[in-house]
Amino acid sequence: MDAVVKFTNQSQGRDRIFRATQYACALSVYLLRKNSDRKELVAKLKSLEGTMSAGRKLFRLGNTINSIEAAKRTMQLSDRVLCLCLTTANINRGLYFICDNILWARSVGLIRDIDKERWSLNASRCYFFSLVMNLTRDVYVILQLMAQRVRDKHFRQKMDQHLRENPEVADVIIPQLDAFLFLLFESLKSHPAVALDMLKNVCDLFIPLDRLGIYQSNAGVVGFCGLISSLIGIVTLVQPKLRIKP
């Protein structure tokens, strides 16, 4: 099992590069859609986007095992909120990969008698629930960080100084809200891994929201959000210290 997990983990970097390329193509196609002089380029970008998507499905084969192993680990967390959020997220992510693998098998002709649209929607639902639970974890961690900051005497002095030095803000923002925003900004500034993870999850959320019809945007928004999320994923892979834990 450990050998399988180690092997599938090696594909993460390639998957994220392919993902960034896929959504960059999607965004470019959207931006160039009305340019009649770029029809040939648009066609090539669409073809490349499809190739990247198909390649990523191959990289994701076996990721269900990774999600199961991750769920086993998060079930051991002493913090019940983190345990619930991360275990639920990993289980839904595993279900998403199962749906994705079945769709891949259908695309290559290994399975024929399945409803592609139904399985695609099921995959989007699982992906959506996984992201919601990850975002819930992010909010929980941020609230904890803010609570720690408030208890810090030095930080309270810094916040009081900020409010005294910016009295004009009271004309636009009530002092309590200004204090909250200052506390939030300082908490995220000192923990960039949390800020990056939340930004990544928010960007990713637009993809299933659009697919499920909960909040329909357009191909440009989905492409942009997917590209930003992919770039953050690459950064956190290259710089492990910027990856949120657990």
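**Close-up views of a predicted model**

**View 1. The largest nonpolar core has 12 residues.** Its members are Leu82, Val141, Ile142, Leu145, Met146, Phe155, Met159, Ala179, Phe182, Leu183, Val194 and Ile244. A nonpolar core is a set of buried Ala, Val, Leu, Ile, Met, Phe, Trp, Tyr and Cys residues joined through side-chain atoms within 4.5 Å. Buried means under 20% relative accessible area, exposed over 50%, and partly exposed in between (1.4 Å probe, protein chains only). At least two residues of this core come from each of helix H6 (116-151), helix H7 (153-165) and helix H8 (175-190). H6 gives the most, with four residues. Helices (H or I, at least four residues) and strands (E, at least two) are DSSP runs, numbered from the N terminus. The model is predicted: local features need pLDDT of at least 70, side-chain atom pairs count only at pLDDT 80 or more, and totals for chains, interfaces and linings use all residues. Residues are numbered from 1 along each chain as its sequence is written, and side-chain values use heavy atoms, with hydrogens and water left out.

**View 2. Ile244 and its partners.** Ile244 is in contact (heavy atoms within 4.5 Å) with Arg137, Asp138, Ala193, Val194 and Asp197. Neighbours within four places in sequence are left aside. Another core, of 11 residues, lies apart from the largest one. Among its members are Tyr96, Cys99, Ala123 and Leu209.

**View 3. Cysteines without disulfides.** The structure holds zero disulfides (a disulfide is a pair of cysteine sulfur atoms within 2.5 Å). Cys126 is in none; its nearest cysteine sulfur is that of Cys99, 4.8 Å away. Cys126 is buried, at 12% relative accessible area.

**View 4. H5 packs against H6.** Two packed helices are described by the angle between their axes and the distance between the axes. Helix H5 (residues 80-107) and H6 meet at an angle of about 160 degrees, and their axes are 8 Å apart. Axes are lines fitted to C-alpha atoms, for helices over the stretch in contact, and angles run from 0 to 180 degrees between N-to-C directions. H5 and H6 are therefore roughly antiparallel. Angles under 35 degrees count as roughly parallel, over 145 as roughly antiparallel, 65 to 115 as roughly perpendicular and the rest as oblique. The H5 and H6 crossing is left-handed: the near helix is turned anticlockwise from the far one by less than a right angle, whereas clockwise would be right-handed.

View 5. H2 and helix H3 (residues 39-59) pack at about 155 degrees, with axes 8 Å apart. H2 is therefore roughly antiparallel to H3. Their crossing is left-handed. Asp15 sits in helix H2 (residues 12-32). Is Asp15 buried or exposed? Asp15 is buried, with a relative accessible area of 15%. Beyond four places in sequence, Asp15 is in contact with Arg56, Phe59 and Arg60.

**View 6. Thr236 in helix H10.** H10 spans residues 219-238. Thr236 is buried, at 10% relative accessible area. Thr236 touches Arg16, Leu242 and Arg243, not counting residues up to four places away in sequence. Thr236 and Asp197 are 39 residues apart in sequence and 9.0 Å apart in space, C-alpha to C-alpha.
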